Amino acid sequence: MQHQDNRKKYVRLQKEYPFFIFENFEVKEDEHSVQIRYFFNLADRFHFYPSISLPWKTFFYRNILKSPGIQNIAFHIGMIELISYWKAACPIQVIIKAGYLDDRQKAWWKKLYYHGLGEFFYMNNIRPDPEGFMTIVSPGKAPHHLLSVPFTGRYIVPVGGGKDSAVTLELLKSESIIPFAINPRKAIVDCIEKSGLTLHDTMVINREIHPELLSLNDKGFLNGHTPFSALIAFTSLLASAITASRNIALSNESSSNEATIPGIGINHQYSKTFEFEKDFRWYVDQYISDQINYFSILRPLNELQIARRFADFPEYFDAFKSCNAGSKTDTWCGQCPKCLFSYIILSPFIEHDAMVKIFGKNMLDDKELLDIFKHLTGLAHEKPFECVGTIDETNATLTHLITSYHGDPLPYLLKYYKTIRQITQAKNQEFDRLLNGFNSAHFLNTAEELRLKNWIGG
């Protein structure tokens, strides 16, 4: 019933709030930081002023701060920030006064809105017309200021505090790297320090959501998931430019390409997919800089391969956290899909006692997790709306755990799985196949590809 109400609310809000304006932005600096503030307008009824700030670092290339190229990046960060505010009422007309977008850019942004908000639309029972759900108007005309920076071959590495970015930090340890973090929490700081670097060596962005948006949420406006990884993508461009670092090395794996809702292509991880990565690289080359190299260095790998490599670095075991529910307290909640998937995928590679120490319990023996378990294994209609691996990866791992289990009895979830799924040697071989795969859809150069293959033993 709530979903039906939200569909009616969507129609009503679009009528009540017919336009959204990206009015302007400003870039300022003082002796402590760089600050960028945005000015958004919802139908002349609500105004939002989100902001980001960058504490000064000794490795900043400060001479370019006032350049048109940096202003262009700041504008584009505003474009991605806008999505969080637009979704409160989903106005049909979006007016861009702060900068200029040509027709190809408008089409690009509409695609990002449509697919990046796929989960938001689905969960609110909204079925938007791909073409008519919004119109972008950009009344001005301005040149596109491509960035001009004396780039080095250094790598920007976004760090989220999970196992994937920890693996990337270790993979690129011999290179010149700058960790990058948005609103760094303890798990992020701890993982950076485990790699041998510190927060002092890290490019930090402090992001502030304007409280008026939270107020609208409380008042019953629309709310839901937005493509946060796309925000990381655009803010990482600023990190690249202001540190003169050509490479931005993400930690997105091939597993993120799988749809969350089979058949209709809705993917919780859309802005982590290879499709988005390809689209984003094109956009950056055309409208930001043809020198910045945005790519995921783990793209050829799947979740199983990353888990196996992560297990080689026990120093991260007490540092990494991937649980969204426990992110504010830097804990594993032990009750969500992300916790259960992480437990499953790491279990073949980390001994039992260490796993229980990390997660606080044997999650495979928790009967309360059966419903989540069904969603992770394809026994339910949809995967969880979380950053989890593919159904095949989960099933292959469970088969391997059952066939290699030496204790008695089997933990509850493994015992349940064994009763409903036939465990065969062929299915067990899928585990080995996944561990030895290497996805060819990636943007690594020859040297990076060779390094990754050697590093994973492929």
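**Figure 1. Asp330, a buried residue in a loop.** Asp330 counts as buried because its relative accessible area is 14%; buried means under 20% relative accessible area, exposed over 50%, and partly exposed in between (1.4 Å probe, protein chains only). The residue sits in the loop between α10 (303-310) and α11 (337-346). Helices (H or I, at least four residues) and strands (E, at least two) are DSSP runs, numbered from the N terminus. Asp330 is not a glycine, yet its phi is positive, near 50 degrees. Most residues other than glycine have a negative phi. The model is predicted: local features need pLDDT of at least 70, side-chain atom pairs count only at pLDDT 80 or more, and totals for chains, interfaces and linings use all residues. Residues are numbered from 1 along each chain as its sequence is written, and side-chain values use heavy atoms, with hydrogens and water left out.

**Figure 2. Asn125, in the loop between α4 and β6.** Asn125 is another residue other than glycine with a positive phi, here about 60 degrees. Its relative accessibility is 16%, so Asn125 counts as buried.

Figure 3. Strand β10 (residues 245-250) pairs with β11 in the parallel sense over four bridges. Two strands are said to pair if DSSP finds at least two bridges between them. Opposite Asn293 in β11 stands Asn247, and opposite Phe295 in β11 stands Ala249. Strand β7 (residues 152-158) also pairs with β10 in the parallel sense, over three bridges; here Thr152 stands opposite Ser245 in β10. Of the six residues of β10, five are buried, and the strand is mostly covered. In β11 (residues 293-296), Asn293 and Phe295 point one way while Tyr294 and Ser296 point the other way, and all are buried.

**Figure 4. Helix α6 and its packing partners.** Helix α6 spans residues 186-194, and its buried residues are Ala187, Ile188, Val189, Asp190, Cys191 and Ile192. These buried residues pack against α5 (163-171) and β8 (177-182), where contact means heavy atoms within 4.5 Å. Gly196 follows α6 and has a positive phi, near 100 degrees.

**Figure 5. Ile209, in the loop between β9 and α7.** The loop that holds Ile209 runs between β9 (203-208) and α7 (211-218). Ile209 has a relative accessible area of 40% and is therefore partly exposed. Ile52 is 157 residues away from Ile209 in sequence, but the C-alpha atoms of the two are 8.9 Å apart.

**Figure 6. The whole chain, for orientation.** The chain has 17 helices and eleven strands. Its C-alpha atoms fill a box of roughly 70 × 55 × 35 Å along the principal axes. A compact globule of 458 residues would have a radius of gyration near 23 Å, and the chain agrees, with 23 Å; the radius is taken over C-alpha atoms, and the globule rule is 2.2 Å times the number of residues to the power 0.38. Buried residues make up 57% of the 458 residues. Of the contacts between residues at least 6 apart in sequence, 73% join residues at least 24 apart.
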